[in-house]
Amino acid sequence: MARGMILTDFARALAQMVDPRFRRVLWLGIALSAGLLVALYAGLLGLVGLFAPDSVTLPLIGEVAWVDDALGWGSLLLMLALSVFLMLPVASMMSGFFLEEVADAVEAKHYPGLPPARAVPLADQVRDTVAFLAVLVLVNVAAFAASLAFPPAAPFLFYGVNGWLLGREYFQVAAMRREGRTGARMMRKRHPLRIWGAGCLMAVPLTVPVVNLLVPVLGAATFTHLYHRLARRRAATR
């Protein structure tokens with residue numbers, strides 16, 4: 001029953017991906033992420049130009065004048081390789097600053113008549129987003145190391161760990177707007193398995209290149225539906 005409702009929440013979120021507000025957040029996250037990666041490459045290229053000599057003299061060969069060019073091309077190849085791994089967490093971080101807009105769009109379409117949600121201060125958004133990125137990277141590095149020690153556990157670790165992380169983050173984003181930080185945390189503790197299950201569903205697209213960039217927007221929308229479903233159930237039992 002719970003699994004079917006989670007799939008329904010996901011399907012409703014997926015159906016709304018054509019919403020201009022969804023697309024705006026998606027493209028903003030990708031554009032800002034690409035800009036940040038380009039800026040990082042420009043900084044790396046500047047360091048190469050600052051410290052690399054124009055030429056070196058090698059024994060038996062003589063003067064080699066293309067060292068700085070070789071390092072420049074090498075830094076480009078390195079940055080392209082790193083961007084494959086960095087794009088998703090960086091895009092998640094950048095999109096994190098706009099996920100409230102996704103939740104607003106979901107509520108405007110599916111839950112009209114609600115009072116305005118409380119605004120989350122920008123400082124809290126920055127702190128939560130950066131903390132989530134740091135935990136995401138560190139926990140995945142630890143899970144990767146554990147999977148090297150026991151390879152058969154790798155897929156279970158990946159989906160289990162990322163399901164927990166994504167569920168925790170996106171439910172907090174959805175619930176905090178209506179419940180406050182403390183209320184969102186208490187609600188999360190009352191429904192750990194449902195939230196983890198929805199998070200595992202969000203972790204599936206992480207393994208598909210390009211599609212994984214949709215995860216922040218899909219996650220925020222899916223968990224907005226999940227929050228309202230749980231909130232209605234709580235109200236009905238009072």
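Student: Which way does α6 pass α8, in a left-handed or a right-handed crossing?
Tutor: α6 passes α8 in a right-handed crossing. A crossing is right-handed if the near helix is turned clockwise from the far one by less than a right angle, and left-handed if anticlockwise. Helices here are DSSP runs of H or I with at least four residues, numbered from the N terminus.

Student: Where do these coordinates come from, and how are residues numbered?
Tutor: This is a predicted model, in which local features need pLDDT of at least 70 and side-chain atom pairs count only at pLDDT 80 or more, while totals for chains, interfaces and linings use all residues. Residues are numbered from 1 along each chain as its sequence is written, and side-chain values use heavy atoms, with hydrogens and water left out.

Student: Back to the helices. At what angle do the axes of α6 and α8 cross?
Tutor: They cross at roughly 40 degrees, and the axes come within 8 Å. An axis is a line fitted to C-alpha atoms, for helices over the stretch in contact, and the angle runs from 0 to 180 degrees between N-to-C directions.

Student: What is that arrangement called?
Tutor: α6 is oblique to α8. Angles under 35 degrees count as roughly parallel, over 145 as roughly antiparallel, 65 to 115 as roughly perpendicular, and the rest as oblique.

Student: Which residues meet there?
Tutor: On the α6 side they include Tyr170, Phe171, Ala174 and Arg178, and on the α8 side they include Phe223, Thr224, Tyr227 and Leu230. Contact means heavy atoms within 4.5 Å.

Student: Some of those are aromatic. How many aromatic pairs does the count come to?
Tutor: Three. Rings of Phe, Tyr and Trp (its six-membered ring) pair if their centres lie within 6.5 Å; planes under 30 degrees apart count as stacked, over 60 as edge-to-face and the rest as tilted.

Student: How are the rings of Tyr170 and Phe223 arranged?
Tutor: Their centres are 6.4 Å apart and their planes are at 40 degrees, so the pair is tilted. Tyr170 sits in helix α6 (residues 154–190) and Phe223 in helix α8, 53 residues apart.

Student: Is Phe223 buried or exposed?
Tutor: Phe223 is buried, with a relative accessible area of 0%. Tyr170 is buried too, at 2%. Buried means under 20% relative accessible area, exposed over 50%, and partly exposed in between (1.4 Å probe, protein chains only).

Student: And what about Phe171 and Tyr227?
Tutor: Those ring centres are 6.4 Å apart with planes at 65 degrees, so the pair is edge-to-face. Phe171 is in helix α6 and Tyr227 in helix α8, 56 residues apart. Phe171 has a relative accessible area of 0% and Tyr227 has 5%, and each is buried.

Student: What about His225?
Tutor: With the sequence neighbours up to four places away left out, His225 touches Asp9, Arg12, Ala13, Val106, His110 and Tyr111. His225 is found in helix α8 and is buried, at 0% relative accessibility.

Student: New topic: how many salt bridges are there?
Tutor: The count comes to eight. A salt bridge is a side-chain nitrogen of Lys or Arg within 4 Å of a carboxyl oxygen of Asp or Glu.

Student: Which residue does Glu101 pair with?
Tutor: Arg24, with the closest N and O atoms 2.5 Å apart. Glu101 lies in helix α4 (residues 99–110) and Arg24 in helix α2 (residues 20–51), so the pair ties together parts that are 77 residues apart in sequence. Glu101 is partly exposed at 21%, and Arg24 is partly exposed at 42%.

Student: What does Arg177 bridge to?
Tutor: One partner is Glu100, with the closest N and O atoms 3.8 Å apart. Arg177 is in helix α6 and Glu100 in helix α4, 77 residues apart, and both residues are buried. Asp104 also forms a salt bridge with Arg177, at 2.2 Å between the closest N and O atoms. Asp104 lies in helix α4 and Arg177 in helix α6, so that pair ties together parts 73 residues apart in sequence. Asp104 is partly exposed, with a relative accessible area of 38%.

Student: Which residues do the shared partners join into one network?
Tutor: Glu100, Asp104, Glu107, Arg177 and Arg178.

Definitions and conventions:
Helices (H or I, at least four residues) and strands (E, at least two) are DSSP runs, numbered from the N terminus.
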